[in-house]
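Q: I'm new to this one. Please take me through it term by term, and tell me what each label rests on.

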Amino acid sequence: MTVAGARPQFIKAAAFSRAAAEIHEEILVHTGQHFDANMSDIFFEELKIPKPRYYLGISGGTHGKMTGAMLAGIEQALLAEKPDWCLVYGDTNSTLAGALAAVKLNIPVAHAEAGVRMGTLSNPEEVNRVVTDHVSRLLFTPTDLEKGNLQKEGIGNNVYAVGNLMYDSYLYADGLQTDLRPAVDFDNRPLVLPDRYYYLTCHRQENTCSDKPLLEIFTAMNELDAPTVYPVHPRNKERAARLCREHGFHRIRLIQPVGYMESLKLLKRCEKVVTDSGGLQCEAFFAGKQCVTVFDRVIWPQTMAAKRNQLARADARDILNKLAASQKIDNTYQPFGDGHTAERMIRIMEENMEG
């Protein structure tokens, strides 16, 4: 049984589902954490993810309310299906709820993207990661760095550095020739891409909870030598539109959330990337696009080589200074594996089956 509920998890689940489809029965539980069609449904369509057998429809509310409701719903699915494994991804409330529900029923948990650490429990995603790692039977880390993080916490058994599932999905999508659902603005008009543009994504609470951080980010983007394309998370739509209107940020093109394939198209054609997304900074690394991450802690240190990804404060000058730097790409540097992470995970899960 696979538990997923948010955009990055659908991307990872797609790679695993393709690899498992001809060998095992996979039961997908969609918690509903991302419910918007452009945040969820489109990923199932584009990446050929199997239809969820269980859709819990749980989104919004406090961390405790959301996680508790998911825990109850996932527990019912586990009791009904009695799977050999419960597979969870990453660091969301869906991840934590799936792991807790399974371990309390003595169903072994496998955690994909284990061992990622930022070093602070003030971050709710960090709490989800740490707790999930400590109750999991199998821990799949992207690289040896995360494996070392787990060893420091006393977790040394059943830890496997297998690569990054996001890279599996990136390579798969990069090889597809598909008709994309076009990006549209908030009036449902198709986006006409300029010849040159920057790609911005910004959704974290730290950057969108008030005007100040988002205003600094917009100020930087509006001063660049080409327009910015910004797919806006639904919860940030009103603030983003108002700031652009009030401050005359005419070089920032606000559009509705995009699917995975459209996001990759925007990424591959852009000049550079500014983001606070853990997933997009990896995808920018895969695509060879320089990235500035507006966040106060490193998520993927492997991407920081040779200024390929740099941290910036939510400060216009800092962002612009970082964007002005030049990256240096070493094509022999491939820290996230070879695109066969899912196959490794399946083999290890088979070898560790009970009974």
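Q: How many salt bridges does the structure hold, and what makes a contact a salt bridge?
A: There are 21 salt bridges in this structure. The label is used when a side-chain nitrogen of Lys or Arg lies within 4 Å of a carboxyl oxygen of Asp or Glu. Keep in mind that this is a predicted model, where local features need pLDDT of at least 70 and side-chain atom pairs count only at pLDDT 80 or more, while totals for chains, interfaces and linings use all residues. Residues are numbered from 1 along each chain as its sequence is written, and side-chain values use heavy atoms, with hydrogens and water left out.

Q: Is Arg 129 buried or exposed, and how do you know?
A: Arg 129 is buried, because its relative accessibility is 4%. The cut-offs are under 20% relative accessible area for buried, over 50% for exposed and in between for partly exposed (1.4 Å probe, protein chains only).

Q: What makes Arg 117 and Glu 153 a salt bridge?
A: The closest N and O atoms of Arg 117 and Glu 153 are 2.6 Å apart, so the pair passes the distance test.

Q: Why do Arg 117 and Glu 153 get their accessibility labels?
A: Arg 117 has 15% relative accessibility, so Arg 117 counts as buried. Glu 153 has 31%, so Glu 153 counts as partly exposed.

Q: What about Asp 338 and Arg 344?
A: They form a salt bridge too, with the closest N and O atoms 2.8 Å apart. Asp 338 is partly exposed because its relative accessibility is 40%. Arg 344 is partly exposed as well, with 24%.

Q: Which residues are linked in a network of salt bridges?
A: Asp 211, Arg 239, Arg 242 and Glu 246 are.

Q: What makes a space a cavity, and what makes it a pocket?
A: On a 1 Å grid over the protein atoms alone, a 1.4 Å probe fits in a cavity but cannot get out, whereas a pocket is open, with protein on both sides within 12 Å along at least five of seven lines; lining residues have an atom within 4 Å of a point. The search finds one cavity of 30 Å³ or more, and the largest cavity has a volume of about 70 Å³.

Q: How large is the second largest pocket, and what lines it?
A: Its volume is about 360 Å³. Of its 18 lining residues, the closest to the centre are Met 1, His 24, Glu 25, Asp 84 and Trp 85. H14 gives the largest share of the lining, three residues.

How values were computed:
Grid points are joined across faces, edges and corners, and a volume is the space filled by probe spheres set on the points. Helices (H or I, at least four residues) and strands (E, at least two) are DSSP runs, numbered from the N terminus.
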